[in-house]
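Please look at the helix packing in this model before reading on. The notes below begin with one contact and then turn to the chain as a whole.

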Amino acid sequence: MIRVGFSARPLEKNLKNPRPDGLGEYRRTLEIIKACSRWGLRYYNMPPETIGWGDYSKYQPSAQEVEQKFADLLSEIRVLGKVFDIKFSFHARNSAVLTSPDKRIFEKSIREIMALRKVLELVDGLAVYIHPGYTHGNKSEAKNRLIDALNSLPESPVSIGLEVDDVGIGDLDTVLHTCANTRGVDPVIDWGHIWGRGYKLESTDDYLSSVISIAEPYWTNHAYFHFSAVWRRKHIPLDLNLPDYRIFAEAMRIYANSTEKEVIILVESPLRENDAILNQKTILGEA
């Protein structure tokens with residue numbers, strides 16, 4: 001099975017505006033879930049602002065506070081997710097860095113990841129996505145800090161999705177090495193970042209043999225992919241073909257037919273739900 005979804009708020013303008021405390025964003029999330037069902041999407045990557053972890057939020061609750069403050073609304077999200085067969089994830093903010101030697105940054109990063117993970121536990125979500133981080137002067141030490149930090153997290157049915165990045169220690173080898181030496185961590189293949197590292201993605205074999213076959217043993221129940229067209233590290237619409245979304249869609253169709261894992265595809269595009277729908281239709285041969 002393939003689930004395709006989008007990240008952050010949709011382009012549709014008639015949804016209610018959020019309130020600063022996060023409750024309004026939760027209420028809008030309920031509407032987005034219903035909209036995803038109308039659009040035929042079965043996956044939604046909620047913004048961290050949903051629980052007040054936005055870049056400009058002063059609220060930023062702990063995992064315990066999330067459970068206490070949002071219990072009723074989380075129950076509503078869980079019910080709607082089951083009714084419409086929609087799964088959820090979060091992408092932690094870029095400032096959540098587990099390799100940082102700065103104690104304040106590290107502790108805040110852990111607090112954010114655990115809060116996002118608690119929400120997903122309560123709504124039967126899939127994964128919290130994070131970037132591996134930077135070397136901070138020494139790559140070996142940074143890798144060890146990342147592994148130690150991930151192993152310090154309590155066990156959970158919600159995976160930590162460690163995303164391939166084109167900066168820092170986000171190369172594919174380091175991501176897979178980290179997954180092999182931690183528990184509850186799955187690799188996330190971000191094709192925009194793979195492209196940014198100079199990988200050739202011009203045929204289905206470039207996807208399947210060069211990357212997916214290598215990552216396959218490290219996934220548990222779900223295979224995680226992020227896809228975007230990229231220009232100078234900025235997400236751009238899929239139809240600009242950097243890389244070509246049609247080749248990606250064909251590769252995903254081939255892979256999904258060869259695996260028992262559920263394939264999760266997050267489309268990261270300024271066109272949000274529109275490009276997610278385009279990607280899904282292309283995979284299904286409807287576009």
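1. In helix α8, T204, Y207, L208 and I212 are in contact with I247, F248, E250, A251, M252, I254 and Y255 of helix α9; contact means heavy atoms within 4.5 Å. By class, nine of the residues in this contact are nonpolar, one is polar and one is charged (Ala, Val, Leu, Ile, Met, Phe, Trp, Tyr, Cys and Pro count as nonpolar, Asp, Glu, Lys and Arg as charged, and the others, Gly among them, as polar).

2. This is a predicted model, in which local features need pLDDT of at least 70 and side-chain atom pairs pLDDT 80 or more, while totals for chains, interfaces and linings use all residues. Residues are numbered from 1 along each chain as its sequence is written, and side-chain values use heavy atoms, without hydrogens and water.

3. The axes of α8 (residues 204-215) and α9 (residues 245-256) come within 8 Å and cross at roughly 55°. The two helices are therefore oblique to each other. The crossing of α8 and α9 is right-handed.

4. The protein chain has 10 helices and 10 strands (DSSP runs: H or I of at least four residues, E of at least two). Of contacts between residues at least 6 apart in sequence, 76% join residues at least 24 apart.

5. For 287 residues, a compact globule would have a radius of gyration near 19 Å, and the chain's 18 Å agrees with that (taken over C-alpha atoms; the rule is 2.2 Å times the number of residues to the power 0.38). Along its principal axes the C-alpha trace spans about 50 × 50 × 35 Å.

Definitions and conventions. Axes are lines fitted to C-alpha atoms, for helices over the stretch in contact, and angles run from 0 to 180 degrees between N-to-C directions. Angles under 35 degrees count as roughly parallel, over 145 as roughly antiparallel, 65 to 115 as roughly perpendicular and the rest as oblique. A crossing is left-handed if the near helix is turned anticlockwise from the far one by less than a right angle, and right-handed if clockwise.
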